[in-house]
Amino acid sequence: MTKQDIIDHLTNDCGLHRSSAIRAVDGVINSISDALARGEAVTLRGFATIKPVNVAKKIGRNISAGSTIVIPAHRSVKIVPSKELKNRMNNGK
C-alpha cells in the first residue's frame, strides 16, 4: 500500500474530499517525522510503536571490490508492532 492508496481509501471509503485527504495524510506523516527527528517515540495504540534508534559504526565489505569499508554511526527507526496488530496478522481477525 502506498501513500496514494491511503489517500484513495480516505477519499472513497471515508467520504473526504481529495484535497482534505491529502492534507490529512501529509499532516500525520509530518507529525510522526518531526517527533522522530526530535528523538521521541510515537505510539499508535493498536498498531505500533515507532522509535528512533542509534546504530553504532561497523565494518562492512564492498563485495565487488573485495575491500572493507566503515559504515558510520547513524540514526534509524525501529517499528515494534502492537499485540493487536500481531494477532490480526496471524489470526486474520
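**Helix packing, sheet and hairpin in the predicted model**

His9 is partly exposed, with a relative accessible area of 39% (buried means under 20% relative accessible area, exposed over 50%, and partly exposed in between, with a 1.4 Å probe and protein chains only). The residue sits in helix H1. Helices (H or I, at least four residues) and strands (E, at least two) are DSSP runs numbered from the N terminus. The C-alpha atoms of His9 and Thr43 are separated by 23 Å, at 34 residues apart along the chain.

The model is predicted: local features need pLDDT of at least 70, side-chain atom pairs count only at pLDDT 80 or more, and totals for chains, interfaces and linings use all residues. Residues are numbered from 1 along each chain as its sequence is written, and side-chain values use heavy atoms, with hydrogens and water left out.

Helix H1 (residues 3-13) packs against helix H2 (residues 18-37). Their axes come within 9 Å and cross at roughly 130°. Axes are lines fitted to C-alpha atoms, for helices over the stretch in contact, and angles run from 0 to 180 degrees between N-to-C directions. H1 and H2 are therefore oblique to each other (under 35 degrees counts as roughly parallel, over 145 as roughly antiparallel, 65 to 115 as roughly perpendicular, and the rest as oblique). The crossing of H1 past H2 is right-handed; that is, the near helix is turned clockwise from the far one by less than a right angle. H1 contributes Lys3, Gln4, Ile6, Ile7, Asp8, Leu10 and Thr11, which meet Arg18, Ala21, Ile22, Val25, Asp26 and Ile29 of H2. Contact means heavy atoms within 4.5 Å. The residues of this contact divide into 7 nonpolar, 2 polar and 4 charged (Ala, Val, Leu, Ile, Met, Phe, Trp, Tyr, Cys and Pro count as nonpolar, Asp, Glu, Lys and Arg as charged, and the others, Gly among them, as polar).

Leu36 also belongs to H2. At 13% relative accessibility, Leu36 is buried. Beyond residues up to four places away in sequence, Leu36 touches Val42, Ile50, Lys51, Pro52, Arg75 and Val77. The C-alpha atoms of Leu36 and Ile50 are separated by 8.0 Å, with the two residues 14 apart along the chain.

Three strands form an open sheet in the order S1-S2-S5, with antiparallel pairing. Strand S1 (42-44) and strand S5 (74-81) are at the edges, each with a single partner strand, so one side of each has no neighbour in the sheet. From one strand to the next, the twist averages 25°. Strand S2 (residues 48-55) pairs with S5 in the antiparallel sense over 8 bridges; two strands pair if DSSP finds at least two bridges between them. Ala48 has Pro81 of S5 as its bridge partner.

Strand S3 (residues 58-62) and strand S4 (residues 67-71) run antiparallel and are joined by 5 bridges. Arg61 is bridged to Thr68 in S4. S3 and S4 form a hairpin with 4 residues between them. Gly66, in the turn, has a positive phi of about 75°.

Ser82 lies in the loop between S5 and helix H3 (83-91). Ser82 counts as buried, at 13% relative accessibility. Leaving aside neighbours within four places in sequence, Ser82 is in contact with Gly46, Phe47 and Ala48. Of the 9 residues of H3, the number buried is 0, so the helix lies largely in the open. Gly92 follows H3 and has a positive phi, near 75°.
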